[in-house]
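Here is a report on one protein model.

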Amino acid sequence: MSKIQEWVYNLLVQIGLISENSSYLDNIVILLLIIAVTVGIDYSCRYIFLGMFKRLARKTKNQLDDLIVDRKIINKMMHMIPAILIYILLPFAFSAEETPKILIVLQKLCQIYIIAVSLRFINASLNLIHEIYNKKDSFKNKPLKGFIQILQVTVFFIGVILIISILINKSPVSLLAGLGASAAILMLVFKDTILGFVAGIQLSANDMLRAGDWITMSKYGADGTVIEVTLNAVKVRNFDNTITTIPPYALVSDAFQNWRGMSESPGRRIKRSINIDMNSVHFCTPEMLEKFRKISLITDYIDSPIWVNGRRQTNLGVFRAYLVRYLRSLPEVSKELVCMVRHLQPTDTGIPIELYCFSSNKVWVEYEGIQADIFDHVLAVIPEFGLRVFQNVSGADLRNIIIKQPCR
């Protein structure tokens, strides 16, 4: 027994809390006193230091201290204080000479509790780091959660090794060396985790995927917005509000389409064609040119000196010129990107005339409305140029032909 232990023991005897002849009852009394003292110190620390930190956090404009208070990081750290104090003071209750087994068991329980509380504190701190960096613009769309999860798994793995080493009285290094022989089994068990970790590094390093990206991956039925990138899964909210889960390594090994480039560009592409009946295409007559000249969008085109040289205009050519000017006149069509109207290869369903431009508004519903308005106008204006849209004969067309035939 050390001098301090002897002094404490004599003091307790003088007070009358324990007898001169040491017994298990005396040991329990001392243990209860130790617990009472540590609990008192714990509450004092919480009241003084934690209260002081909370008052300081309210006065500062920094959000970090507010998050520390809200997530109770300091509370989790302070849970270690009682366990450490009890571990240090246990020899006062149970002597190593008299009750070595009880002392060893209680100290092991304290060590395990300290490790468990430390793991909880580290886990909460890592979650706080993820929350802080996720709010920064430079890190907001990075798959940080996967890296945080890897660190959490590593920390918990080390913690479990330490706890096992305490229980079986072996060095953690020897346990890790023994696990090296079981590496093949561990790799099989944690295969998805390892692949997910490697895939997460590749996705992040190459900036292939971010939370908030719209991706399409037909193999997994994914067509929507990435809502979460974790160690083992990438969650995609589809446009029908279903959730598709994709393994991260599948995004590296297979092909997927990321629409981020479209979202970040000045416009969203409109690429659609209409089929013109080839029998309705012909040269313009003077009367037709006079009629077209009254359309303000193509007046300059009709009066252009190029046509004075004898080149004859067609109603389809004038119609294409009108469409180009019409698209460029729309405020919804981007002026920075390509805008053109072109011929495609003629087929047995007519001549495809393709409108190729970009909508400045990239919101899906509004984009579809702009595209529909454009083609509503195009279909309505086609007859003004003496053209017809090609359409296969329907049953109604055949009935009209039969009805119009005179009876014989």
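## Threonine 216 and its contacts

The side chain of T216 makes a polar contact with the side chain of W259, at 2.9 Å. A polar contact is a pair of N or O atoms within 3.5 Å; within protein, one must be able to donate a hydrogen and the other to accept it, and residues adjacent in sequence count only if both atoms are side-chain atoms. The T216 side chain also makes a polar contact with the side chain of D223, at 3.1 Å.

This is a predicted model: local features need pLDDT of at least 70, side-chain atom pairs count only at pLDDT 80 or more, and totals for chains, interfaces and linings use all residues. Residues are numbered from 1 along each chain as its sequence is written, and side-chain values use heavy atoms, with hydrogens and water left out.

Leaving aside residues up to four places away in sequence, T216 touches A222, D223, F256, Q257 and W259. Contact means heavy atoms within 4.5 Å. T216 counts as buried because its relative accessibility is 19%. Buried means under 20% relative accessible area, exposed over 50%, and partly exposed in between (1.4 Å probe, protein chains only). V236 is 20 residues from T216 along the chain, and their C-alpha atoms are separated by 9.4 Å.

T216 lies in strand β1. Helices (H or I, at least four residues) and strands (E, at least two) are DSSP runs, numbered from the N terminus. W214 and T216 point one way from β1 (residues 214-217), I215 and M217 point the other way, and all are buried.

Strand β1 runs antiparallel to β2 (residues 222-229), joined by 4 bridges. Strands pair if DSSP finds at least two bridges between them. T216 has D223 as its bridge partner in β2. The two strands form a hairpin with 4 residues between them, and G221 in the turn has a positive phi of about 65 degrees. β1 also pairs with β5 (residues 257-258), antiparallel, over 2 bridges. There, T216 stands opposite Q257.

## The three-stranded sheet

An open sheet of 3 strands has the order β6-β8-β7, with antiparallel pairing. Its edge strands are β6 and β7 (340-343), each pairing on one side only. The twist averages 20 degrees from one strand to the next. Between β7 and β8 there are 4 bridges. R342 stands opposite E354 in β8.

Helix α16 lies across β6 and β8, at about 25 degrees to β6. Axes are lines fitted to C-alpha atoms, for helices over the stretch in contact, and angles run from 0 to 180 degrees between N-to-C directions.

## Nonpolar cores

The largest nonpolar core has 35 residues; F319, L327, I374 and F385 have the most contacts inside it. Such a core is a set of buried Ala, Val, Leu, Ile, Met, Phe, Trp, Tyr and Cys residues joined through side-chain atoms within 4.5 Å. Elements giving two or more residues to this core include α15 (315-329), β8 (351-359) and α16 (364-381). The largest share, 9 residues, comes from α15.

L327 touches V333, C339, M340, V341, L355, C357 and I374, not counting residues up to four places away in sequence. A second, separate core of 13 residues includes L209, V226, V234 and V236.

## The whole protein

The protein has 17 helices and 8 strands. Of its 408 residues, 35% are buried. Among contacts between residues at least 6 apart in sequence, 63% join residues at least 24 apart.
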